Amino acid sequence: AIEIFQIGIEKNDSNSMYHLAFLLEKTNPIESLKYYKLLAEKSDSISSFIFKDQNISKIIKAQENLALKYMKENDTENVIKYVFSLINEGCFDVPLRYATFLYKTKNFRQSLVIFDSLFKYNHPIAAYFIGVMKYKGEGCDVDKVESHKIMENLANKGIDKAVEFLEDFVF
């Protein structure tokens, strides 16, 4: 069956791309992702319009699975690749979990890079971590003024942890 779908893909057939990507999801997620991306990026046919929303969610799910797989294998380079890909797609759960894991294992600089990327999308948990890290100088220089500004902004949005942090804040 795979050979038949590959022939269809050579002819730019959307259905073949979809079915091959689906067949490869479990056995070869990287190859599967390639075909989902091809299909999602097609804009010249009615088929791609029908499949577009469905495949964007499949692409995101495949990227999440790959990031989690690489986390288990301690393949930092590939984890980072898929974490940033997910952030760019607007999916923050896996990147946030990874950044939090890095923070808890005292890999502050790496976690800060991911939190900063999430912060650009106004992610409140990432903002909270950045505020804490700037206050303590974890992975960055101490910047209590910036930390206070971040926490004050979060407190104004009703984030209880930020309110608690500000209660104990010392310049």
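**Note on a predicted helical model**

1. Solvent exposure of N153. At a relative accessibility of 41%, N153 counts as partly exposed, because that class covers values between the 20% limit for buried and the 50% limit for exposed. The model is predicted, and this value is computed from it.

2. Position of N153. The residue belongs to helix α9, which spans residues 144-156. In sequence, N153 and Y128 are 25 residues apart; in space, their C-alpha atoms are 9.9 Å apart.

3. Overall make-up. The protein has 10 helices and zero strands. Read from the N terminus, its elements run α-α-α-α-α-α-α-α-α-α.

4. Position of H123. This residue sits in a loop, with α7 (108-119) on one side and α8 (124-136) on the other.

5. Burial of H123. Is H123 buried or exposed? With a relative accessible area of 12%, H123 is buried, since buried means under 20%.

6. Contacts of H123. Which residues does H123 touch, leaving aside its neighbours within four places in sequence? H123 is in contact with F92, L96 and L118.

7. Burial and surface of the whole protein. Of the 171 residues, 43% are buried. The accessible surface comes to about 10,100 Å², and carbon and sulfur atoms account for 53% of that surface.

8. Contacts across the sequence. Among contacts in the protein with a separation of 6 or more, 41% are between residues 24 or more positions apart.

Conventions:
Residues are numbered from 1 along each chain as its sequence is written. This is a predicted model: local features need pLDDT of at least 70, side-chain atom pairs count only at pLDDT 80 or more; totals for chains, interfaces and linings use all residues. Side-chain values use heavy atoms; hydrogens and water are left out. Helices (H or I, at least four residues) and strands (E, at least two) are DSSP runs, numbered from the N terminus. Buried means under 20% relative accessible area, exposed over 50%, partly exposed in between (1.4 Å probe, protein chains only). Contact means heavy atoms within 4.5 Å. Accessible areas come from the Shrake-Rupley method with a 1.4 Å probe; for residues, only the protein chains shown count as cover.
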